[in-house]
Amino acid sequence: MDLLLARLIDGFNNGLVYGFLGLALVIVFRGTGQVNMAQGEMAMFSAFTAYAFVAVGLPIVVAIGLAVLVGVISGGLIERVLIRPLGHGAHNSVLLVTIGLFLAINSAAGVIWGGDPLTLPAVVPDGPGDYVPVFGARLRYQQLLLLVVLMLVLAAIFALFRYTKIGLAMRAAASNPESARLAGMRVDRINGLGWMMAGGVGALLGTLIAPSTALTTGMMFNFLIYAIAAATLGGFDSPGGAVLAGLLIGLVENLLASYVDFIGPDLKQAVALVILMGVLMVRPTGLFGTKKVERV
Amino acid sequence: MAATFPLVVRQGSGVHRAITIGGLAAVALAVYLAPFVLPGYRLNQISGALVLAIAIVGLNLLSGFGGQISLGHAAFFGLGAYTTGILTVDHGVPVVVAMLLSVVVCFCAGVIVGLPALRLQGTYLALVTLAVGILFPSLVRRFEDLTGGSRGLFGISFRPPENLAYFSGALGRTIWIFWAVSIALALSCLVVRNIMRSRLGRGIVALRDKEAAGIVMGVNRAFVRTVLFGISAGIAGVAGGFFAVMNGIITPESFTLLLTINLLVGMLIGGSASFSGPILGGFVIYFVPVWSSDITGGPISGVLFGAILIATVFLFPQGIAGGLGALTAKVLTIVPSPPALHAPQVEDLPLPPSEFALSEAESADHVDEGDASAGPEGTMAASTPR
């Protein structure tokens, strides 16, 4: 029983990360119509930025704040300089540019900070004794923090989309860019805003999980794959869907890998992807995505 | 007589045929001479680039002509490599037979992966292929008994026939593989070219450009999409087979997402939906990392590779082949442009009266408009009302 609970918590914790990064992917996807393959590397770079701020003597919370700011600005810059000039409908080019960014950012971090793992201090105490006991299992402060922050971010995004004019414009631009443009919205700027938000969300995630994963250039790579799976499963235009799907994938994968011998740790990742494929066969636009109707 | 550029050559005419045959002969000559002039290690590198080129030819059929981005091609490449490896090492099957069987296996795998394509579109389908691509290395690790797992599969070799003096000597094996890879690449190109000129090819392009319209016009979507996946995977399988025999050892780490990304990059840098692009792309993705790490070394070569990729998207949106094509069009224009691709069908349009000669005034017109619409097919299309 305790073991089951511990595994559930583990899976839940992984799922939080998948959902968090998936959320960033969805925000970009809604505007740009393409997966930002560099999202994970941007988050990784932000975590290293926070490390640099800590290294010059700033407290960790300030460093995270600054790293998020840098993430927001760089997200906006990337959109303005590398994505917007490609124009609309250039999906393959966007995909390629983000792949190029992926390679470049990853290697750049290696050039600047070297290949050895670094440690980023945690915001909350993260020693061996720092956990909340839940029926005998341990819920670490660090995990709780991630959960709380994710919920806050999700609530903020929901409120933004639901109750503000900017959010309404973002939804309009996502669902029909041309009509939105005709209605006087600056669709490009709205997309840029999406990239900035995603950059910020990614930076927040990177800095929050770096203490538990160790700070390396490869820290986000696996998460990116799961995040893509989560975003797909949730339906690419649904932020809440991405988070839910992320949690679902985290839980199911962890339980199956622990209790089904055939799967084991080797095929852990495979489980997530097979679930993904299965769901897509039944619901081609994910669990919470809206169907796209094509007019001929 | 002062030549006016671009020269206009009619497709199918004697001059055009001479140019085509001359070009092919030049390529064949280069392949023939390469073993005599290049040192062995260089020849080996070129074979490596050609193997990647074969895989890109397959990917280009699916993604370039078919418009379906595949993020899992490394899986087919790897499946081909492992099929060839397992058949030759464990079962003593001759390499050529093993490679043919690899094609069959990969074709079937491709058709199965293509099945979701009947229901999914665009990004969602790309992500299914991503899933397949990521699954493959973990499956290899899981079924260790068959594949050798993380340790790898050893001892795959492709010996030249012993009774040929040409392939004996120190470099015999290198030269043999170089020839075999060259021939396989030529065959793959031929297959793709013939497909694209057939009914199937027109269906592929129709589905890429406007799926609904294609279906209305009678393209059998289920058949075309799955077979497209199958053939593309089959060609990738050949490349994988050669990869296995060249290296002698294969490990799951060779077939990760990074390989897929490299292949995609090669296709787009070389020029997607073109015939020469994939070959150029194969050389680019093989030699750019080699040179950039020669020059700089260490992780900065990765920065360079990424930067080159991004720069290419902006500077040569049509890839190197597209850039070269635009240059050639300033010197030589072939009309009518080949069918398929995005060019309008021009067979039934009026042609210039003779092969070279337009009257002075007319040719001046053509030149201007050709430049304005910038592209090999621009000359005729722009000057004729549709």
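User: How do helix 6 and helix 8 of chain A pack, and at what angle?

Analyst: A helix pair is read from the angle between the two axes and from the distance that separates them. In this predicted model, helix 6 (residues 165-175) of chain A packs with helix 8 (residues 187-213) of chain A at an angle of about 105°, and their axes are 10 Å apart. Because angles of 65 to 115 degrees count as roughly perpendicular, helix 6 of chain A is roughly perpendicular to helix 8 of chain A.

User: Which residues make that contact, and how do they divide into nonpolar, polar and charged?

Analyst: From helix 6 of chain A come A:Ala169, A:Met170 and A:Ala173, while helix 8 of chain A brings A:Val187, A:Ile190, A:Asn191 and A:Gly194. Of the residues in this contact of helix 6 with helix 8 of chain A, five are nonpolar, two are polar and none is charged.

User: What is the angle between helix 2 and helix 11 of chain B, and which residues are in contact there?

Analyst: The reading goes the same way for helix 2 (residues 40-65) of chain B, which packs with helix 11 of chain B at an angle of about 75°, with axes 9 Å apart, and this makes helix 2 of chain B roughly perpendicular to helix 11 of chain B. Helix 2 of chain B contributes B:Leu52, B:Ala55, B:Ile56, B:Leu59, B:Asn60, B:Ser63 and B:Gly64, and helix 11 of chain B contributes B:Leu263, B:Leu264, B:Gly266, B:Met267 and B:Gly270. The residues of this contact of helix 2 with helix 11 of chain B are seven nonpolar and five polar, with no charged residue.

User: How many residues does the contact take from chain A and from chain B, and which helix of chain A gives the largest share?

Analyst: A contact of two chains can be read by counting residues on each side and then asking which elements supply them. Here 35 residues come from chain A and 32 residues from chain B. On the side of chain A that touches chain B, helix 4 (91-113), helix 9 (221-234) and helix 11 (268-282) of chain A each supply at least two residues, and helix 4 of chain A gives the largest share, 15 residues. That side of chain A divides into 23 nonpolar, ten polar and two charged residues.

User: In what sense do strand 1 and strand 2 of chain A pair, and which residues stand opposite each other?

Analyst: For a strand pair, one looks at the sense of the pairing, then at the facing residues, then at the turn. Strand 1 (residues 131-134) and strand 2 (residues 137-140) of chain A pair in the antiparallel sense over four bridges. A:Tyr131 stands opposite A:Arg140, and A:Pro133 stands opposite A:Arg138. The two strands of chain A form a hairpin with two residues between them, and A:Phe135 in the turn has a positive phi of about 50°.

User: Where are A:Ala214 and B:Ala273 placed, and is each of them buried or partly exposed?

Analyst: A:Ala214, in the loop between helix 8 and helix 9 of chain A, has a positive phi of about 75° although it is not a glycine. A:Ala214 is partly exposed, with 14 other C-beta atoms within 10 Å. B:Ala273 lies in the loop between helix 11 (257-270) and helix 12 (277-295) of chain B, and its positive phi is about 55°, although it too is not a glycine. B:Ala273 counts as buried, with 24 C-beta neighbours inside 10 Å.

Terms used: Residues numbered from 1 in each chain as written. Chains lettered and ligands numbered in written order. Predicted model: local features only at pLDDT ≥ 70, side-chain atom pairs only at ≥ 80, totals over all residues. Axes fitted to C-alpha atoms, helices over the stretch in contact; angles between N-to-C directions. Parallel < 35°, antiparallel > 145°, perpendicular 65-115°, else oblique. Contact = placed C-beta atoms within 7 Å. Nonpolar A, V, L, I, M, F, W, Y, C, P; charged D, E, K, R; others polar. Pairing = 2+ DSSP bridges. Buried ≥ 20, exposed ≤ 12 C-beta atoms within 10 Å, placed from the backbone.
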